[in-house]
Amino acid sequence: MNDAKEVYYIGGSPCAGKSSVAEILSRKYGLCYFKVDDFLDRYIQAGAWKECPVCRKVTSMNAEQIWMREPFIQCREEFAIYREIFEFVATDLKQIDWKGDIITEGAAYLPELMKQSGIPDNRYISITPAKEFQITHYRERDFVPLVLEGCSDKENAFHNWMDRDILFAQGVQRQCQKENYVSVINDGTMGMAELANLVAMHFELK
């Protein structure tokens with residue numbers, strides 16, 4: 001188990017700037033940065049091995065089967081996956097060998113899971129992207145064609161992916177409102193340094 005004084009959580013949805021903010025704050029305040037997405041495939045495989053139904057299902061699907069489905073189905077399963085793997089994320093986080101504070105980010109940190117885990121309001125924040133910001137920045141990412149490799153209609157698959165993440169962001173925002181957590185929507189008008197400062201103020205970093 002780690003001896004961290006504090007753990008700061010950044011949740012939200014993909015392509016919102018979570019990683020950039022965490023990297024800035026980890027450097028500025030000497031925090032250990034734990035990125036959930038670096039281990040996401042391993043967590044899903046662990047969930048499948050443990051017979052978690054949605055993890056088991058998606059590990060047996062190819063790109064065509066995943067991305068050509070209705071976005072609302074994809075979104076519903078995305079929430080389910082994060083619920084199924086949360087125990088693995090929490091275990092790894094506790095085992096980090098670090099005596100200082102930790103900053104961690106990932107869409108896996110659903111507001112409902114944070115509340116169930118007793119995370120205080122000033123130790124969690126959600127960052128989700130505006131629709132236009134999300135789509136524009138996804139278009140620039142090199143890994144997107146690799147993810148969609150094998151789809152018969154890549155443009156339609158991409159739109160399904162974007163619609164899934166838009167629905168996911170909306171779901172996270174609703175959870176934040178319900179659980180009384182701060183939710184920030186990144187529409188691109190705020191630079192990453194400014195966004196990082198906003199998060200630092202919320203976390204009361206000094």
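Predicted model: local features only at pLDDT ≥ 70, side-chain atom pairs only at ≥ 80, totals over all residues.
Which side chain meets Arg 83 in a salt bridge? Glu 112 does, with an N to O distance of 2.5 Å.

**Figure 1. Arg 83 and Glu 112 form a salt bridge between two helices.** The side chains of Arg 83 and Glu 112 meet at 2.5 Å, N to O. Arg 83 belongs to helix α5 and Glu 112 to helix α6, so to read this view, follow the chain across the 29 residues that separate the two. Arg 83 has a relative accessible area of 41% and is therefore partly exposed. Glu 112 is buried, because its relative accessible area is 16%, below the 20% limit.

**Figure 2. Arg 42 and Asp 92 join helix α2 to helix α5.** This salt bridge spans 2.8 Å from N to O. The two residues sit 50 residues apart, Arg 42 in α2 and Asp 92 in α5, and the pair links distant parts of the chain. Arg 42 is partly exposed at a relative accessible area of 45%, whereas Asp 92, at 18% relative accessibility, counts as buried.

**Figure 3. Glu 6 and Arg 123 meet in a salt bridge.** Here the N to O distance is 3.1 Å. Glu 6 comes in the segment before β1 (7-12) and Arg 123 in the loop between α6 (111-116) and β4 (124-129), so this pair ties together parts that are 117 residues apart in sequence. Glu 6 is partly exposed, with a relative accessible area of 31%. Arg 123, at 12% relative accessibility, counts as buried. For context, the structure holds 11 salt bridges.

**Figure 4. Asp 101 is buried yet has no salt bridge.** You will find Asp 101 in the loop between α5 and β3 (102-105). Which side chain of opposite charge is nearest to Asp 101? That is Lys 5, which is 5.5 Å away. Setting aside residues up to four places away in sequence, Asp 101 touches Lys 5, Glu 6, Tyr 8, Leu 31 and Cys 32.

**Figure 5. Tyr 29 in helix α1.** The C-alpha atoms of Tyr 29 and Asp 101 are separated by 9.0 Å, although the two residues are 72 residues apart along the chain. Is Tyr 29 buried or partly exposed? Its relative accessibility is 23%, so Tyr 29 counts as partly exposed. Leaving out neighbours within four places in sequence, Tyr 29 is in contact with Ala 200, Leu 205 and Lys 206.

**Figure 6. The largest pocket and its lining.** This pocket has a volume of about 1,200 Å³. It is lined by 37 residues, and those closest to its centre are Leu 40, Asp 41, Glu 78, Trp 161 and Arg 164. The lining divides into 18 nonpolar, eight polar and 11 charged residues. Helices α1 (18-29), α2 (40-49), α3 (53-59), α4 (63-67), α5 (71-94), α7 (131-139) and α9 (154-179) each supply at least two lining residues. Which helix gives the largest share? That is α5, with five residues.

**Figure 7. Glu 78, a residue of the pocket lining.** Glu 78 lies in helix α5 and is among the residues closest to the centre of the largest pocket. At 14% relative accessibility, Glu 78 counts as buried. Apart from residues up to four places away in sequence, Glu 78 touches Arg 164 and Phe 168. Arg 164 is also among the residues closest to the pocket centre.

**Figure 8. Asn 180 and Glu 204 have positive phi values.** Phi is near 65 degrees for Asn 180 and near 60 degrees for Glu 204, and neither residue is glycine. Asn 180 lies in the loop between α9 and β5 (182-186), while Glu 204 lies in the segment after α10 (192-203). Asn 180 counts as exposed at 56% relative accessibility. Glu 204 is exposed too, with a relative accessible area of 52%.

Definitions and conventions
Residues numbered from 1 in each chain as written. Heavy atoms only, no water. 1 Å grid on protein atoms, 1.4 Å probe; cavity = no way out; pocket = protein on both sides within 12 Å on 5 of 7 lines; lining within 4 Å. Points joined across faces, edges and corners; volume = space filled by probe spheres on them. Helix = DSSP H or I, 4+ residues; strand = E, 2+ residues; numbered from the N terminus. Nonpolar A, V, L, I, M, F, W, Y, C, P; charged D, E, K, R; others polar. Buried < 20%, exposed > 50% of the residue type's maximum accessible area, 1.4 Å probe, protein only. Lys, Arg positive; Asp, Glu negative; His and termini not counted. Salt bridge = Lys/Arg side-chain N within 4 Å of Asp/Glu carboxyl O. Contact = heavy atoms within 4.5 Å.
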